[in-house]
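Here is my note on the model you sent. Please keep the structure open as you read.

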Amino acid sequence: MAYTYAYTGVGSPSTVLRSDGSEFPQDPGNVIYQEWLAFTAGGGSTTAAPTVTLAARKLAAQAYLRDRAADLRLTALGSRQADSVFQALRFREAQDCEADGSPTEGEYPLLAAEIGSNGANLDEVHDNVLAELATLKTDLVAIEEVRIGAHDDVEGAADAVDIDAILAAVVWP
């Protein structure tokens with residue numbers, strides 16, 4: 001299928017909109033971005049961003065920030081949903097083990113499975129898993145602080161130039 005492409009004017013660099021409605025950042029890891037590169041290398045051109053209202057521009061910029069933060073959270077958690085669920089269960093076991101006065105390996109099978117590779121015994125494993133959780137929480141909080149700060153800045157933007165400057169100034173952790 002032949003697609004057409006247009007810059008949305010959102011993001012840094014600008015996000016591109018494909019005629020089927022797929023919106024994608026200019027990110028080398030994105031499959032649609034790679035298709036767009038092949039399209040432009042083959043002589044295809046990308047149209048300029050359509051004129052949009054300030055309100056629509058703010059919404060698009062805030063959606064971009066939300067989506068970028070979600071991508072970073074997935075990277076921090078692990079890209080597969082099953083891995084994320086597994087990590088959540090592991091962290092929960094470590095928290096429960098910490099509160100348990102006399103934990104046994106049978107009560108905490110996910111932690112017990114890590115004895116030898118992540119600690120010499122159940123206490124060491126749960127300490128290491130809790131330290132991992134603390135680091136992850138710090139990373140996730142930093143992502144959310146950047147997202148919320150930029151979201152609020154975009155909400156207060158007076159024009160598209162302000163929005164572009166805000167997005168260009170975002171430094172993700």
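Why does Q87 count as buried?

1. Q87 counts as buried because its relative accessibility is 16%. Buried means under 20% relative accessible area (1.4 Å probe, protein chains only). Q87 lies in helix α3, residues 81-99.

2. This is a predicted model: local features need pLDDT of at least 70, side-chain atom pairs count only at pLDDT 80 or more, and totals for chains, interfaces and linings use all residues. Residues are numbered from 1 along each chain as its sequence is written, and side-chain values use heavy atoms, without hydrogens and water.

3. Look at the neighbours of Q87. Its side chain makes a polar contact with the side chain of R90, at 2.7 Å. A polar contact is a pair of N or O atoms within 3.5 Å; within protein, one must be able to donate a hydrogen and the other to accept it, and residues adjacent in sequence count only if both atoms are side-chain atoms. Leaving aside residues up to four places away in sequence, Q87 touches L77 and E132. Contact means heavy atoms within 4.5 Å.

4. The protein has six helices and four strands. These are DSSP runs, numbered from the N terminus: helices are H or I, at least four residues, and strands are E, at least two. Their order along the sequence is β-β-β-α-β-α-α-α-α-α.

5. Now helix α5. Buried residues there include L122, H126, L133 and R147. At the start of α5, a side-chain oxygen of N121 comes within 3.1 Å of the backbone nitrogen of D123.

6. Overall, 30% of the 173 residues count as buried.

Terms used
Buried means under 20% relative accessible area, exposed over 50%, partly exposed in between (1.4 Å probe, protein chains only).
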